[in-house]
Structure formats: C-alpha cells, structure tokens
Amino acid sequence: LNLVKASVCWLLRHSVVMWLLFHSLVLMTLCFHHAATSCSKRCYCSDSEGAFGGKTMRCSNLHLTEIPQDIPNDTLRLYLDYNLLTSIPANAFNDLPLLAELDLSHNELALLEPGAFRGLAASLQFLDLSSNQLTMLDPDAFEGVTARSNLTGNPWHCDCRLQTALPHLDLEPVFLTGIICQTSEPSDSGAQGVPFLLAKDLDLCVVLKKTTDMAMLVTMFGWFTMVITYVVYYVRHNQEDARRHLKYLKSLPSRQGKSEESSTISTVV
C-alpha cells in the first residue's frame with residue numbers, strides 16, 4: 001500500500017512538472033508568434049484581403065530615416081513612402097517571404113546597397129522607387145527581382161551601366177516617359193533631358209565598345225610587334241653565327257697546308 005501511495009505521489013509531482021513545462025512552452029510560442037506578426041510601432045496594419053492573407057503595413061509620412069526592424073514577417077504589402085530614407089541596406093527585407101508590393105517612393109534614396117532586395121525574387125510583384133535621388137542602379141541590389149517597377153522622378157545619370165541594368169526590371173510602359181536623363185556619359189550622346197528608354201538609336205555602350213575594340217587592337221599590335229622583333233633578332237643572330245662558321249671553314253685548308261709544309265721540312269732535316 002505504501003508503495004502504491006509513493007508511486008501515485010511521484011506521478012502527481014512529475015505530472016505537475018510536465019504540465020508546467022508544457023504551459024510555459026505554449027506561452028513562449030504564443031509570445032514569439034505575436035512578436036513576429038504584431039504591427040510595427042508607429043505604423044498602421046490591417047489584414048490583407050485575398051486567399052493569401054497576410055498584412056498590409058502602412059508607415060507613410062512618418063519621417064523615418066531607416067527601415068523599421070519589427071516588420072511582421074507575414075506582411076504582404078509595405079508602404080514606406082513619404083519618409084526620409086537615404087539608402088536601403090543589404091538584407092533589409094530578407095525576413096519578409098510573402099512581400100508582394102513595396103512602396104519606397106518620395107524618399108531621399110540615393111543608394112541601393114548590394115543585396116538590398118535579397119529574398120524577394122520569388123514574391124515581389126511591384127516595386128515603387130519613384131521620386132527619389134537615384135542616379136544609378138546596381139544590379140547586385142536586386143538579386144533576381146524582376147517585379148513591375150516605377151523608376152520615374154529620379155535624377156538619372158545615363159551611361160552604359162544603367163543601360164545594361166534597366167532590362168533586368170519589368171518597367172511599366174506607362175512610366176517609361178518619366179525616366180529622364182539628368183546627366184549622361186558620354187555627355188555629347190544627346191541623352192540629357194529625354195526619356196532614356198524611348199530614345200531611338202541611343203546606345204551609351206557604343207563608346208565603351210569602341211574603347212574595348214581599340215584596346216584589343218593595340219594589344220594585338222603590341223604582340224605582333226614583339227613577335228616580328230624576335231624573328232628579326234633570331235634571323236640576324238643566326239646569320240652572324242653562320243657567317244662566323246663559314247669563315248672558320250674557309251680558314252681550315254690554309255692551316256692544313258702549313259701543317260703539311262712543316263712536316264716536309266722536318267722530314268728533310
């Protein structure tokens with residue numbers, strides 16, 4: 001009987017411990033879930049309509065100078081327009097696997113760091129970078145993102161690098177007239193003040209191509225000159241050797257005659 005009582009008491013004690021552990025685990029899970037899905041401070045969140053669910057987070061016109069760190073990871077639409085953002089750092093949205101729409105318009109953005117939109121290639125459908133201070137695009141900032149994009153209202157510096165970077169994005173046709181070159185390289189290309197992507201026969205890479213072709217031509221000419229110089233040196237050097245050898249061969253009979261004459265004199269003596 002005492003053994004049974006002891007067993008019951010042991011089971012009760014351990015059951016209470018297990019229940020407390022389970023209760024703590026549930027509370028921690030709920031806390032983590034709440035932290036991951038709760039709205040960022042100062043921003044307004046609402047549930048997105050549609051089958052995918054998720055949140056719409058609005059942080060517009062809050063004078064933000066950096067991207068909030070507590071964005072819910074189930075955010076579907078994120079509005080950061082009309083703030084004071086100057087750059088987008090690497091991995092800024094890497095924890096938002098559902099993000100389909102991102103509005104960064106009307107900021108002071110001048111730099112998109114490599115990896116700025118990392119993790120959004122599979123989900124992002126629309127990207128608004130209009131009305132900022134962007135002058136160039138680094139393809140490494142997008143890492144496979146091909147979302148429909150609005151790039152109007154930026155002081156673009158149009159050059160070969162921008163010309164090769166823009167095709168990576170799905171630019172809205174209605175926005176093409178708003179991509180205006182404020183400066184260009186070369187400066188006499190005629191790109192300044194015109195819609196860059198709508199200008200016909202405008203190739204800002206042609207100068208670079210010509211420079212590359214000229215460099216290749218100069219390199220090939222240098223190698224050709226070196227080969228010709230070596231061949232000429234080799235031929236001249238061999239001619240000198242052949243001339244000395246021929247001279248040596250011509251001198252052999254006279255030496256042999258002197259040797260025979262000396263031998264005859266020695267015999268007479």
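**Exercise 1.** Which hand does the link of Cys39 and Cys45 have, given 75 degrees about the S-S bond?

*Solution.* With a torsion of 75 degrees about the S-S bond, the link of Cys39 and Cys45 is right-handed. The structure is a predicted model, in which local features need pLDDT of at least 70 and side-chain atom pairs count only at pLDDT 80 or more, while totals for chains, interfaces and linings use all residues. Residues are numbered from 1 along each chain as its sequence is written, and side-chain values use heavy atoms, with hydrogens and water left out. To confirm the link itself, recall that a disulfide is a pair of cysteine sulfur atoms within 2.5 Å; the sulfur atoms of Cys39 and Cys45 are 2.1 Å apart and form such a bond.

**Exercise 2.** Decide whether Cys39 and Cys45 are buried, partly exposed or exposed.

*Solution.* Start from the cut-offs: buried means under 20% relative accessible area, exposed means over 50%, and partly exposed lies in between (1.4 Å probe, protein chains only). Cys39 has a relative accessible area of 28%, so Cys39 is partly exposed. Cys45, in contrast, has 18% and is therefore buried.

**Exercise 3.** Describe the bond that joins Cys43 to Cys59, and find where in the chain each partner lies.

*Solution.* The sulfur atoms of Cys43 and Cys59 are 2.0 Å apart, and a disulfide joins the two residues. Their S-S torsion is about 115 degrees, so this disulfide is right-handed. The pair links distant parts of the chain, 16 residues apart: Cys43 sits in the loop between helix 1 (2–37) and strand 1 (44–47), and Cys59 in the loop between strand 2 (55–58) and strand 3 (75–79). Here helices (H or I, at least four residues) and strands (E, at least two) are DSSP runs, numbered from the N terminus. Both partners count as buried, because Cys43 has 13% relative accessibility and Cys59 has 0%.

**Exercise 4.** Work out the hand of the disulfide between Cys158 and Cys181, and name the strands that hold the two residues.

*Solution.* The sulfur atoms of Cys158 and Cys181 lie 1.9 Å apart in a disulfide, and the torsion about their S-S bond is about -95 degrees, so the disulfide is left-handed. Cys158 belongs to strand 9 (residues 156–158) and Cys181 to strand 11 (residues 181–184), distant parts of the chain that lie 23 residues apart. Both residues are buried.

**Exercise 5.** How many disulfides does the chain have, and what pattern do they follow?

*Solution.* The count comes to four disulfides. When the bonded cysteines are counted along the chain, the pattern is 1-3, 2-4, 5-7, 6-8.
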